[in-house]
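I opened the notebook for a new model today. These entries follow what I looked up, item by item.

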Number of protein chains: 2
Amino acid sequence: MKLHLTRIPPVLLSVSLVSIATVAAVADEGMWLFNRPPRKELQEKYGFEPTPEWLEHVRKSSVRFNNGGSGSFVSSDGLVMTNHHVGADSLQKFGDATHNYMRDGFYAKTRADEKQCLDLELNVLDSIEDVTQRVNAALKPDMSSDQAFVARRAVINEIESESNKKTGLRSDVITLYQGGEYDLYRYKRYTDVRLVFAPEQQAAFYGGDPDNFEYPRFDLDMCFFRVYEGGQPVHVDHFAWSKAGADKDELVFVSGNPGRTERLDTVAALNYSRDIGFPYLLQRLYRTEVLLNVWSGRSDENARRARELFFSAQNSRKARDGGLAGLLDPSLMAQKKTAEEELLAAVAKDPALQSSAIAWKNVADAQKVRATLLHRYTIMERGVGFNSTLFGIARSLVRNAEEKGKPERDRLREFTTARRPSLELELFSTEPIYKDFETLKLADSLTWLTSQLRSEPQFVKEILAGKSPQERAYELVHESKLDNVDLRKKIYEEGESAIAGSQDPMIVLAKLVDPSSRAVRKLMETKVEEVERQAYAQIAKAKYTIGGKDVYPDATFTLRLAFGTVKGYEEDGKQIPFETTMAGLYERSKEHHDKPPFDLPARWVERQDKLDLSTPFNFVCTADIIGGNSGSPVINKSGEIVGLIFDGNIQSLVLDFAYIDKQARAVAVHSQAIIEALRKVYDAEPLADELTRK
Amino acid sequence: MKLHLTRIPPVLLSVSLVSIATVAAVADEGMWLFNRPPRKELQEKYGFEPTPEWLEHVRKSSVRFNNGGSGSFVSSDGLVMTNHHVGADSLQKFGDATHNYMRDGFYAKTRADEKQCLDLELNVLDSIEDVTQRVNAALKPDMSSDQAFVARRAVINEIESESNKKTGLRSDVITLYQGGEYDLYRYKRYTDVRLVFAPEQQAAFYGGDPDNFEYPRFDLDMCFFRVYEGGQPVHVDHFAWSKAGADKDELVFVSGNPGRTERLDTVAALNYSRDIGFPYLLQRLYRTEVLLNVWSGRSDENARRARELFFSAQNSRKARDGGLAGLLDPSLMAQKKTAEEELLAAVAKDPALQSSAIAWKNVADAQKVRATLLHRYTIMERGVGFNSTLFGIARSLVRNAEEKGKPERDRLREFTTARRPSLELELFSTEPIYKDFETLKLADSLTWLTSQLRSEPQFVKEILAGKSPQERAYELVHESKLDNVDLRKKIYEEGESAIAGSQDPMIVLAKLVDPSSRAVRKLMETKVEEVERQAYAQIAKAKYTIGGKDVYPDATFTLRLAFGTVKGYEEDGKQIPFETTMAGLYERSKEHHDKPPFDLPARWVERQDKLDLSTPFNFVCTADIIGGNSGSPVINKSGEIVGLIFDGNIQSLVLDFAYIDKQARAVAVHSQAIIEALRKVYDAEPLADELTRK
């Protein structure tokens, strides 16, 4: 694990992706756009030139998991490969008291046995269209930040809806280079996705939290789905399988969807992340981890219900701990500071850029505003004070009723016609909702809310209806009827009248908090994000004027191409090898007396003798990846699968802020390990054959 | 577990024990003073009259564990009984890479095998003297709160040192009834304490965190020490052993040292605890729990090193979670509010009490000041920003150098002559200090500190010496020589010159932060605690004038007598029985497939057939107990041991703020279980014989 963008609702992606284009890349740096690939870099360093056909084939064979990961088509019959931890959300939702697919794994021996996912959406990038001019034309120079935000949202909503209506494709306008460019990304959407194979979590996530983000590793973090349309597997572009797999010093590529980087944040913005943003987020992650760990300890069934969320909390905590350590490294900060000072000095010397000079101060001022909004925004608009699936449903229903009456251009982004299919997929999911688990999460978050909103006791009292958090959570969860999908559909269709008349306590609560939540969202959008967007656009302009525009933009959870070399690194004076072998797995288990989380799954003990223990298991490369890249294929120059990205090492956790390649590495499952395990551990010969057939 | 006052340094006890005397008790309420026992209550409800001899015998047979718990003498040869989790601190310090006494237990078959504890101090209450008049005489009515604090500290330091010089006994002036009374407690101090027996932690803490503060329970949470003087076991007063043990509906007594209650905090003070104090503390506990859990997961040896601290963090977290839930219960708050309004109304009607009316406002104002000091006080003076044993040592050495030059009356409380022996016991302990574990804790706490002190970047930079928290922690821990006890003694003796010349990085750091730390302590002492003390003294006076003085004061980690009835309770419509049996242990293990933390120790599996499974295991009673009561003997009217307190149930966690007896229960090990286990599981016949001989 876990380069997984977990549970980031659309509204959040828009919040977090405000950062700016990077300077010209060195070494193997870069998360490159498919319409602006790193031709020069590849040519100079590797003598490799990607042809248009090569690029198109890679793009069409790459898959975005809309719940926060990446994947790839790996057979002519619509087979998709990703990580176990990307599939985990689907595995979790299949389970019940007698089936723990996430823990125990799954294999459909025949197509008929494949299990249809409840609410999984896959996207394949179909085309990219530059819409910068149209977006910019909607903005007038004398607009206030409030007006500019509304005008930009309006034109983007329109572009997306027009495109969706015309092509039927999912249509997202992506802000690149911090507003230096707006591109319309059109995706083919797949929603009939069926589970084919997952190993036991203990094989996928061997070594658990202690080994997470570590290397050397021994994880079979893989999962296979099959995509259907009209009841039949799709026949689309796909990657071929490399027999040899990744080899030392080989040039490899990673095609995936990195979620978010902040490489060119100003120093003020990084200071905000270091001193406020990260610590505040970490507090909640620690709290959630303890809550779920304790609850999971009470029974196997509790553990099963909380499993995906628990691992996700642990993973985020470790990732953020590492990111914060990077921000607290004075050498990183000094480097950022020097670069900023140099750029500012260059700006000062160029008369044409004088007007940009104010941008850095504007970003700094926006951080101060952000700090004042952070708590309220997190509690209300992110819904962290109401941590409950049912509350999320109630809020979507309440907002839907209000938004659907508005003209398309004025709607909240996630309620436009173009985005409605994804909203509905989630809202009408038959994902099981466990009342005890809901009560646990909601009681804890309401408890947390009371101290966060302590300056507003009257509002807290209304939220709690004069009860204790525990009592209130119990009542809300047990009296709400929103676990009934048909009821949700009915309320969604009826809209305003259904909401106005509803006595469902979750809906009543969502109505109570919505004005306050919308208010803080509006402030965040107009007084922080819009200010940042304009300021970063100026900074970006200054950068391009001074440094040229042959650069990649910060990550935006859209398809990017990274490249690098398969190679090890030195750590504490020791040479860490580029790959591990299956023998290493058994050694590691022995070192730890086979105790959790280093215990071997039963199957792996039984089948040890059958395995070729010299098979490469995991390997590392220098490609530039980040959260969201989980499940990305690693391919060679011939476009063949040589591995499967599933993690970065500890040293790579600073890649949020800067690319380094001394020790930072992407970690992947080797293609040979996948085949070896499928054939000899899982008796999944047909699946292995499907992957390797020509 | 865990009614254990964990790691509360003296300075904190003085902070936290500012609250006020309770009103006349009802039901089995009360933590009564031995010089003001609940004669009337016992007579009226139970027809029992404790004689002076009975009280003296109980007092002299009761033991305080100075590291935060209670115990009792249980044989004529100085045998002391307490909980495993009270002994845990000593067990932890004995361990090394090949001995894990805390996990595996210990039994000294002969006296020669008994293991001397490294820094354990036991206290037996010798006498109580009322010094109220002398303390009050030192204060003048027109003193500012700064002057009053200094004057009171001076007279208390003097009284303690005089008494200590005269009697050789440990002498502590205790503030009771919030300054309504000052009593001088003299203790016999024992420091040659040897470990005799401890079971495996898995037997003592069966069910782990999930079952902590729960009932029904099946825990053998016991530990035995022997007290020596002059190389020989002491022969002192002790409790006899009851053969039958606790029985249903029986009157029982608990003699122990409850640490801290806030029963008569004003509503403003409770609001502070609910909205600020508890949430802030819980944040740190969550963080610590995750840190230690993750580190422990990396190896067995890590787990051993972190064991005691980890369990202590878990225990505090659960206790505080429960306490906060109590504060968030509107019915509790409504009751407190009504009582306060009634008292205020009575005060308003009584001309003699008019001057007290301002006290409630003064308490409320003090909370506002406390809120502004909380973060800095916690980071600096509590040392939470420098979580390292070596830092604690460095600070004690730095402060000792400064304090020893001052007149006795002006010293910080913990550096007076009277308190010096306890200070030295801790400072010169040969407790093992693990550099990796120290680095872990210090790096984490320095990381935390950076965000807490974000408004003082220059100070943070000096603390970190321009390095990252990780790098700085490593350097501090590995370059400090303070793990050498002889060096500590040398610096302690030499004082100022040794400190001035020291290049030890921990000492240099302690010197850097000490002025700031002392400054915030002074503010907390004079602007918050002194204000509260004066205000609560007025409130107490009003209470006594109106309600009479036959009451018990809030808990102060001094010896108290509680009483109650052995009885079960109703929960969710089910009757919870007053006791469990050994059979229940095996059933619980089976229910959970013998998986941790419900797995049985190997010995208990092997010996199951030998045990009389109908033996009572744990039981509950209505006695009024709280943290610090861990290890208290439960005795019957004849002064015989019938049980051993080790926990309160979840419903008892609100006892910090109010006594209730509908469901709140004290949980104890049954005396029969102790003997049965010693004889049949642990082959400790001699120990069982010693306990039960007449």
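Where in chain A is the place of A:Tyr434? I found A:Tyr434 in the loop between helix 15 (420-427) and helix 16 (435-452) of chain A. Helices here are DSSP runs of H or I with at least four residues, strands are runs of E with at least two, and both are numbered from the N terminus.

I noted the ground rules next. This is a predicted model, where local features need pLDDT of at least 70, side-chain atom pairs count only at pLDDT 80 or more, and totals for chains, interfaces and linings use all residues. Residues are numbered from 1 along each chain as its sequence is written, and chains are lettered from A and ligands numbered from 1 in the order in which they are written.

**Around A:Tyr434.** A:Tyr434 counts as partly exposed because it has 17 C-beta neighbours inside 10 Å. (Buried takes 20 or more other C-beta atoms within 10 Å, exposed 12 or fewer, partly exposed lies in between; C-beta atoms are placed from the backbone.) I also checked A:Thr389, 45 residues away along the chain: its C-alpha atom is 9.6 Å from that of A:Tyr434.

**Chain A as a whole.** I read off 25 helices and 22 strands. Buried residues make up 53% of the 694 residues. The C-alpha trace spans about 65 × 65 × 50 Å along its principal axes. The domain assignment, automatic or from a database, gives domain 1 (10-121 + 191-263 + 554-692) and domain 2 (355-547). Their centres, taken over C-alpha atoms, are 32 Å apart.

**Contact with chain B.** How many residues of chain A are in contact with chain B? I got 29 residues of chain A against 29 of chain B, with contact meaning C-beta atoms, placed from the backbone, within 7 Å. Helix 10 (267-298) is among the elements that give two or more residues to this side of chain A. Helix 10 also gives the largest share, 10 residues. By type, the side divides into 11 nonpolar (Ala, Val, Leu, Ile, Met, Phe, Trp, Tyr, Cys, Pro), 9 charged (Asp, Glu, Lys, Arg) and 9 polar (the others, Gly among them).

**Symmetry.** I superposed the copies by least squares on C-alpha atoms of residues with pLDDT of at least 70 in both. A rotation of 180° with 0.0 Å of shift along its axis puts chain A on chain B, RMSD 0.0 Å. That is the relation of a two-fold axis. A:Tyr286 comes closest to the axis of the residues of chain A, at 2.8 Å (C-alpha). The same surface serves both copies, as 100% of the contact residues of chain A recur in chain B.

Technical notes:
Two residues are in contact if their C-beta atoms, placed from the backbone, lie within 7 Å.
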